[in-house]
Amino acid sequence: MNKGHSPEPLDFFIWTVEDVGLWLETINLGSYRQTFKENGVNGEYLEGMSMFTTEQILRFIRRCHMKWGDFITLCKELRRIKVACLKGEQKVRRPWWAPACLSAVFQKVAKSNRQSRVVSLKLEP
């Protein structure tokens with residue numbers, strides 16, 4: 001990711017800890033940036049939060065010293081990104097680490113993978 005630029009929402013599955021911090025700034029939760037960094041919260045972790053049990057949610061909130069309202073905001077923003085991915089509203093782009101010669105291949109795979117990655121969203125109320 002480019003320093004200082006918000007990460008692409010479609011790529012939230014592969015966000016680094018730094019990308020998550022930038023995203024927290026954009027959703028007005030920047031006060032948690034350092035705490036998330038210290039706890040190693042990356043995109044893969046955020047994706048897995050939808051499967052958390054109540055006990056895991058409470059542990060996460062305590063570990064990150066989050067207010068309930070802020071946790072709800074975090075969940076709503078994650079859901080917004082997942083819905084946009086599911087509907088295909090996000091552009092597919094090559095991640096920074098993939099060579100340019102693989103752009104077409106990556107985009108084809110990413111389009112099909114996008115739907116499989118967020119299939120659990122269909123099961124949520």
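In helix α4, the residues I57, L58, F60 and I61 meet W68, F71 and L74 of helix α5. Contact here means heavy atoms within 4.5 Å. By class, this contact comprises 7 nonpolar residues, with no polar and no charged ones. Nonpolar covers Ala, Val, Leu, Ile, Met, Phe, Trp, Tyr, Cys and Pro; Asp, Glu, Lys and Arg count as charged, and the others, Gly among them, as polar. The model is predicted: local features need pLDDT of at least 70, side-chain atom pairs count only at pLDDT 80 or more, and totals for chains, interfaces and linings use all residues. Residues are numbered from 1 along each chain as its sequence is written, and side-chain values use heavy atoms, with hydrogens and water left out.

The geometry of this helix pair was computed next. Helix α4 spans residues 54-64 and helix α5 spans residues 68-87. Their axes come within 11 Å and cross at roughly 115°. Axes are lines fitted to C-alpha atoms, for helices over the stretch in contact, and angles run from 0 to 180 degrees between N-to-C directions. The two helices are therefore roughly perpendicular to each other. That class takes angles of 65 to 115 degrees; under 35 counts as roughly parallel, over 145 as roughly antiparallel, and the rest as oblique. The crossing of α4 past α5 is right-handed. In a right-handed crossing the near helix is turned clockwise from the far one by less than a right angle; anticlockwise gives a left-handed one. Leaving aside neighbours within four places in sequence, W68 is in contact with L58 and I61. W68 and L58 are 10 residues apart in sequence, and their C-alpha atoms lie 9.8 Å apart in space.

The chain as a whole has 6 helices and 0 strands. Its pattern along the sequence reads α-α-α-α-α-α. Helices (H or I, at least four residues) and strands (E, at least two) are DSSP runs, numbered from the N terminus. Of the 125 residues, 35% count as buried. Buried means under 20% relative accessible area, exposed over 50%, and partly exposed in between, with a 1.4 Å probe and protein chains only. Among contacts with a separation of 6 or more, 58% join residues 24 or more positions apart.

The largest nonpolar core holds 23 residues. Such a core is a set of buried Ala, Val, Leu, Ile, Met, Phe, Trp, Tyr and Cys residues joined through side-chain atoms within 4.5 Å. W23, L24, F36, F60, M66 and L74 touch the most other members. Helices α1 (17-26), α4 and α5 each supply at least two residues of this core. The largest share, 5 residues, comes from α5. In soluble globular proteins, nonpolar side chains tend to be buried together. F36 draws on several parts of the chain. Neighbours within four places in sequence aside, F36 is in contact with V17, V20, L24, V41, F60, C64, M66 and L74.

Helix α1 has D19, V20, G21, L22, W23 and L24 as buried residues. The buried residues of α1 pack against α2, α3 (43-48) and α5. Just after α1, N28 takes a positive phi of about 60°, although N28 is not a glycine. N28 sits in the loop between α1 and α2 (33-38). N28 is exposed, at a relative accessible area of 69%. H65 is found in the loop between α4 and α5. H65 is exposed, with a relative accessible area of 64%.

Residues up to four places away in sequence not counted, F12 touches G43, E44, E47, L78, I81 and K82. F12 and L78 are 66 residues apart in sequence, yet 9.1 Å apart in space, C-alpha to C-alpha. W15 is placed in the segment before α1 too. W15 is buried, with a relative accessible area of 3%. The C-alpha atoms of W15 and N42 are separated by 5.8 Å, with the two residues 27 apart along the chain.
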